Amino acid sequence: MADMKITLCLFLSMIGLAFADRSWAGGIGLRFGPPAIGTGGPNPVSIPPAASDAGLSYITDKGIEYNIAATGMAVAARDKTSWGGYTSLGAGLAWSVNGGGFGPYAAFGLEKGCGGWIGCFSMEFSQALGFGFGHMASPTALRMGIVKWF
Amino acid sequence: MKSRAVSADSFPSHLYLDRLAQSIILALFLKIISSQPAHAEQVFTVALGALEEGDERYRPEWIGRWTLNTRFQNELHIYGRTQGRVRQSTLMLTSTYNYPILGSKWIMARLGGAMTRDETVIRGADADTPTRSHSAYNFGAYLGLGIQGGSKWTYSFDWNNAQFLAGSAGIFLATARKQSISLGLGWRI
């Protein structure tokens with residue numbers, strides 16, 4: 001039930017951003033991959049992917065990312081290369097089964113094949129630290145999906 | 001990966017191979033850092049860090065780090081502990097390319113590879129009980145960020161992740177990892 005609610009939330013967010021005003025120009029990314037949250041390592045991604053495996057990003061044309069996933073949320077600045085690779089650095093909230101809180105966020109990604117209508121193939125590894133409640137959280141995730149630029 | 005049992009009254013012969021593998025990792029590190037042109041800018045760093053054993057359980061580690069022209073970096077992570085008859089040790093050798101991000105002189109991101117060797121040895125309780133040992137090797141990707149400052153003497157903070165595909169489950173993006181967070185002090189020549 002919780003998975004359905006998260007999926008619905010992500011879906012509505014995507015619809016909302018897709019029909020947003022031109023001033024919202026940028027990209028929307030939806031990637032799937034199992035997060036590592038201190039429970040014996042990430043399980044293989046579910047088929048079909050579970051909402052807890054999803055990561056949603058909104059990237060502005062200025063290169064600012066807004067990321068949300070089951071393991072946290074973060075705002076980051078993206079440093080892009082001409083061949084499709086990028087590195088992001090920012091901060092946000094991160095949590096795991098051991099604790100969580102505020103901390104740095106970083107991601108390493110690749111976007112290729114952006115010519116078609118469906119969007120770019122995207123693969124991203126993200127890491128975050130969270131300090132504040134419980135023990136330090138250090139969730140990571142390797143995700144694959146699509147980024148649609150508009 | 002292997003696991004063997006031998007008698008405790010003699011030095012386990014298969015450990016010679018492990019010692020050899022361990023020596024090769026160390027020799028590779030020394031070879032890499034000693035084979036560069038004398039005019040290259042090099043930074044030698046010793047760092048104290050926290051290395052993840054798994055599931056966000058961090059343990060202290062030592063890191064020897066060598067950086068060439070700020071761009072090429074090799075690290076040797078050493079972690080181990082002995083509890084009673086059990087000895088556990090980890091060696092991780094990494095090699096990465098560093099690049100500045102967001103126009104900063106201080107913040108470097110890095111991409112590269114990692115190789116680990118984990119070993120656990122359980123000594124026999126007495127002469128009749130065999131010693132058992134287990135060692136495993138892994139190869140994976142190494143990604144991370146670092147902040148470095150200073151001129152002759154340097155200081156650094158690093159946050160890196162070694163990612164290993166979890167066998168065939170790697171197709172479904174399942175990974176194992178060793179995360180390292182460290183503070184270092186270096187010398188630039």
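**Close-ups of the interface between chain A and chain B**

**View 1. The contact between chain A and chain B.** In this predicted model, 37 residues of chain A and 26 residues of chain B take part in the contact. The area buried between the two chains is about 2300 Å², and carbon and sulfur atoms give 67% of that. On the chain A side, look for A:Leu89, A:Phe108 and A:Gln127, which lose the most area to chain B. Together these three residues make up 22% of what the chain A side buries.

**View 2. Polar pairs and the strands of chain A.** Across the interface, 12 residue pairs are in polar contact, with both residues at pLDDT 80 or more, while zero salt bridges are found between the chains. Strands E5 (72–80), E6 (85–96), E7 (99–112), E8 (120–128) and E10 (140–149) of chain A each bring at least two residues to the side that touches chain B. That side of chain A comprises 22 nonpolar, 12 polar and three charged residues.

**View 3. The largest nonpolar core.** This core has 13 residues. Those touching the most other members are A:Phe108, A:Phe125, B:Tyr99, B:Ile101, B:Ala109, B:Leu145 and B:Trp159. Strand E7 of chain A and strand E7 (131–150) of chain B each supply at least two residues of the core.

**View 4. The surroundings of B:Leu145.** Leaving aside residues up to four places away in sequence, B:Leu145 touches A:Leu89, A:Ala106 and A:Phe108 from chain A. Its contacts in chain B include B:Ile101, B:Met108, B:Arg110, B:Phe157 and B:Asn160.

Methods: Residues are numbered from 1 along each chain as its sequence is written. Chains are lettered from A and ligands numbered from 1 in the order in which they are written. This is a predicted model: local features need pLDDT of at least 70, side-chain atom pairs count only at pLDDT 80 or more; totals for chains, interfaces and linings use all residues. Side-chain values use heavy atoms; hydrogens and water are left out. Contact means heavy atoms within 4.5 Å. Buried area is the accessible area (1.4 Å probe) that two parts lose on being put together, summed over both. A salt bridge is a side-chain nitrogen of Lys or Arg within 4 Å of a carboxyl oxygen of Asp or Glu. A polar contact is a pair of N or O atoms within 3.5 Å; within protein, one must be able to donate a hydrogen and the other to accept it, and residues adjacent in sequence count only if both atoms are side-chain atoms. Helices (H or I, at least four residues) and strands (E, at least two) are DSSP runs, numbered from the N terminus. Ala, Val, Leu, Ile, Met, Phe, Trp, Tyr, Cys and Pro count as nonpolar, Asp, Glu, Lys and Arg as charged, and the others, Gly among them, as polar. A nonpolar core is a set of buried Ala, Val, Leu, Ile, Met, Phe, Trp, Tyr and Cys residues joined through side-chain atoms within 4.5 Å. Buried means under 20% relative accessible area, exposed over 50%, partly exposed in between (1.4 Å probe, protein chains only).
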